[in-house]
Amino acid sequence: FRLYYFKQSDGAQSVATFPVSIGRMDWSTPLGRHRIAAKQVRPTWYPPKSIREEHAADGRFLATAVPPGPDNPLGEYAMRLSVSSYLIHGTNKPAGIGMQVTHGCIRMNPEDISWLFPQIRVGTPVQIVNQPVKFGWSPDGLFLEVHPVIDGDTQSTERGMTVLTEAYVEATRERPADIDWQLVEEVYRAKLGIPQSLAITTDGFDA
């Protein structure tokens with residue numbers, strides 16, 4: 001449910017991150033290593049037959065080609081992945097961002113993709129992972145980010161806190177951290193997808 005853009009400039013690495021929507025259970029977003037194969041401003045959407053049939057089953061007509069404009073679900077920008085038929089694109093319905101609602105594409109807020117689009121070159125590598133629990137270090141200490149488990153991911157659902165514990169062990173293998181495990185459990189249960197500082201101050205409250 002997040003897109004991370006890593007950039008190397010003058011020997012320093014930075015990262016920008018954005019909320020995204022991903023494919024629902026029967027239209028899953030393809031995991032693995034891909035690349036940006038093409039870019040397009042104001043794209044025309046050519047919905048595949050399967051999507052047109054889905055609309056027809058609901059009594060809705062969907063044309064074979066949807067031109068640029070307010071009715072185009074791709075928004076103003078689209079970047080095609082090297083895996084066939086999948087895009088990173090904008091949207092005309094930003095209310096669905098952060099949910100598992102697409103037909104497999106990665107959907108971004110209009111203002112986010114308008115910033116990201118010019119930064120990306122054709123050939124840029126893309127790695128799609130299913131990682132609902134993430135620990136990461138910053139100058140302020142260790143952070144934890146937990147997202148809802150995607151539909152169909154029975155392994156993450158069944159293993160629960162075991163997944164979190166394994167991620168914590170890996171993150172602190174070479175750099176120990178003194179953290180509040182009650183706070184960890186609260187972040188895990190909330191699953192807000194927002195990085196939470198786990199640093200502990202001397203008075204016992206989290207920083």
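This is a predicted model: local features need pLDDT of at least 70, side-chain atom pairs count only at pLDDT 80 or more; totals for chains, interfaces and linings use all residues.
Local features need pLDDT of at least 70 and side-chain atom pairs pLDDT 80 or more, while totals for chains, interfaces and linings use all residues. Residues are numbered from 1 along each chain as its sequence is written, and side-chain values use heavy atoms, without hydrogens and water.

**Sheet and helices**

Three strands make an open, antiparallel sheet, ordered 9-10-11. Strands (E, at least two residues) and helices (H or I, at least four) are DSSP runs numbered from the N terminus. Strands pair if DSSP finds at least two bridges between them. Strand 9 (133-138) and strand 11 (196-197) are the edges; each has a single partner strand, so one side of each lacks a neighbour in the sheet. Six bridges join strand 9 to strand 10 (residues 141-146). Val133 has Val146 as its bridge partner in strand 10.

Helix 4 (residues 161-171) lies across strands 9 and 10, at about 25 degrees to strand 9. Angles run from 0 to 180 degrees between N-to-C directions of axes fitted to C-alpha atoms, for helices over the stretch in contact (heavy atoms within 4.5 Å).

**Aromatic rings**

Rings of Phe, Tyr and Trp (its six-membered ring) pair if their centres lie within 6.5 Å; planes under 30 degrees apart are stacked, over 60 edge-to-face, the rest tilted. The count is six aromatic pairs. Two are tabulated.

| Pair | Centre to centre | Plane angle | Class |
|---|---|---|---|
| Tyr4 and Phe6 | 6.4 Å | 25 degrees | stacked |
| Phe135 and Tyr168 | 5.8 Å | 65 degrees | edge-to-face |

Phe135 in strand 9 and Tyr168 in helix 4 are 33 residues apart.
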